[in-house]
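Below are a few exercises, each with a worked solution you can follow on screen.

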Amino acid sequence: MTGAMVTGAPETTGYGGTLAAEAARFAALGWMRGTSGNLSVVTGRDPVRLLVTASGLDKGELRPGDMVLVDEEGTAVPGATAAGKPSAEAALHARVVRLTGAGAVVHVHTVASVAMGRRRPGGIAFRDLEMLKGLGRSAHDEEVVLPVIRNSQDMSVLGDRLEAALDPGVPAVVVAGHGLYAWGADLREARRHTEVVEWLLELQLAEERGR
Ligand SMILES: CSCCC(=O)C(=O)COP(=O)(O)O
Ligand SMILES: [Zn+2]
C-alpha cells in the first residue's frame, strides 16, 4: 500500500506515494535543492483538505508517509496523518487552492525564477513562443505576463500579495528572491505548468545573458 504512514483519512491513501514520486522528479531536475520546495494535492473539497509535503525534509527522498493533511488554512488536521509539521508554506498552498480552484500546487526553488524575479520585479513578459501553448495561451501575437510578488515570511501577507497579482490566465507566480509557484487541476497539470514556466524563465535568462 502506498501512503502506509497515512492514518485515519482513507482519502489520503495513495496520494502520499504520488507526491513523493513527483517531488523526486523535481528534485532530480535540481529544482528542490537543500530541502527547498514543497508540493500539495487536494484530497477533498467539502471540507477542503490538502495533502502537503512535511517541512524540512530532503524532497528528493520523501517517503509516502512524509506528508501532512491540512485544512483550508494550511493547518494540520489533528490525528489525520503521522508525519510531523506541514510545509512552512502550507498556508500559501491552501490560499492558492481557495483562490484558483486548483487541485495541486507545486513550489520549486529554481535559479532562473529567482534571477528573473530580480530583473523584473513588476512581472515577466513573454510573447511569440510556441511553449506558451503549454499554459493554454496563444503562441503568437499575445503578451503573457508572469506576475512577480515580493517575498514575506508571513504566509497571509504572501497570500494577499499573490491574490492581488493573480492573473486568471496564468497558473503561476514568481516570489522574488525565493522561487516559483505553479498550479493546475491535478498534479500532472501542475507539473506541466511548472515545466513550461521554468523553460520560459530559463530561455529569457539565457537570452539576456547572451546580450
Ligand atoms: C532552504 S528551504 C527554505 C524554506 C522554503 O522556502 C521551502 O520551500 C521549504 O520549506 P518546507 O517547510 O516546505 O520544507
Ligand atoms: Zn520555498
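**Exercise 1. The overall fold**

What share of the contacts in the protein with a separation of 6 or more comes from residues 24 or more positions apart? Then work out how the chain is built and how its overall dimensions come out.

*Solution.* 
- Keep in mind that you are looking at a predicted model.
- Start with the contacts: residues 24 or more positions apart make up 59% of those with a separation of 6 or more.
- Next, list the secondary structure. There are five helices and nine strands, and along the sequence they come in the order α-β-β-β-α-β-α-β-β-β-α-β-β-α.
- Now check the dimensions. A compact globule of 211 residues would have a radius of gyration near 17 Å, and the protein has 17 Å, so the two agree.
- The C-alpha atoms fill a box of roughly 55 × 30 × 30 Å along the principal axes.
- Finally, burial: 45% of the 211 residues are buried.

**Exercise 2. A record against the model**

Find the domain that UniProt lists, and describe that stretch in the model.

*Solution.* 
- An unreviewed UniProt entry gives residues 17-205 as "domain: Class II aldolase/adducin N-terminal".
- In the model, residues 17-205 are 33% helix and 22% strand.
- The end C-alpha atoms of that stretch are 34 Å apart.

**Exercise 3. Helix α2 and its cover**

Decide how enclosed helix α2 is, and name what covers its buried residues.

*Solution.* 
- Locate α2 at residues 90-100.
- Count with the cut-off: a residue is buried if 20 or more other C-beta atoms lie within 10 Å of its own.
- Eight of the 11 residues of α2 pass, so the helix is largely enclosed by the rest of the structure.
- Those buried residues are A90, A91, L92, H93, A94, R95, V96 and V97.
- A reminder while you turn the helix: an α-helix has 3.6 residues a turn, so residues three or four places apart point the same way.
- Now look at the cover. It includes strands β1 (38-45), β2 (48-53), β3 (67-70), β4 (104-108) and β9 (179-184), plus helix α4 (155-165).
- Past the end of α2 comes G101, with a positive phi near 75°.

**Exercise 4. Strand β1 and its partners**

Which strands does β1 pair with, and in which direction do they run, parallel or antiparallel?

*Solution.* 
- Take β4 to begin with: four bridges join it to β1, and the two run antiparallel. L39 stands opposite V106 of β4.
- Then take β2: five bridges join it to β1, again antiparallel. Here V42 has L50 as its bridge partner.
- Follow the chain from β1 into β2, and you pass through a hairpin of two residues.
- In the loop between these strands sits P47, joined to D46 by a cis peptide bond with omega about 5°.
- Check burial too: six of the eight residues of β1 are buried, so β1 is largely enclosed by the rest of the structure.

**Exercise 5. The shell around ligand 1**

List the residues around ligand 1 and sort them by class.

*Solution.* 
- The shell consists of G34, T35, S36, G37, N38, T53, S55, G56, S87, A88, E89 and H107.
- By class, that gives one nonpolar, 10 polar and one charged residues.
- Now use T53 from this shell as a reference point: its C-alpha atom is 23 Å from that of I149, 96 residues away along the chain.
- I149 belongs to strand β7 (residues 148-149), and with 24 C-beta neighbours inside 10 Å it counts as buried.
- Beyond four places in sequence, the contacts of I149 are R161, L162, A165, V173, V175 and A176.

Notes. Residues numbered from 1 in each chain as written. Chains lettered and ligands numbered in written order. Predicted model: local features only at pLDDT ≥ 70, side-chain atom pairs only at ≥ 80, totals over all residues. Near = placed C-beta within 6 Å. Nonpolar A, V, L, I, M, F, W, Y, C, P; charged D, E, K, R; others polar. Rg over C-alpha atoms; globule rule 2.2 N^0.38 Å. Buried ≥ 20, exposed ≤ 12 C-beta atoms within 10 Å, placed from the backbone. Contact = placed C-beta atoms within 7 Å. Pairing = 2+ DSSP bridges. UniProt positions renumbered as here; feature names shortened; annotations may be inferred.
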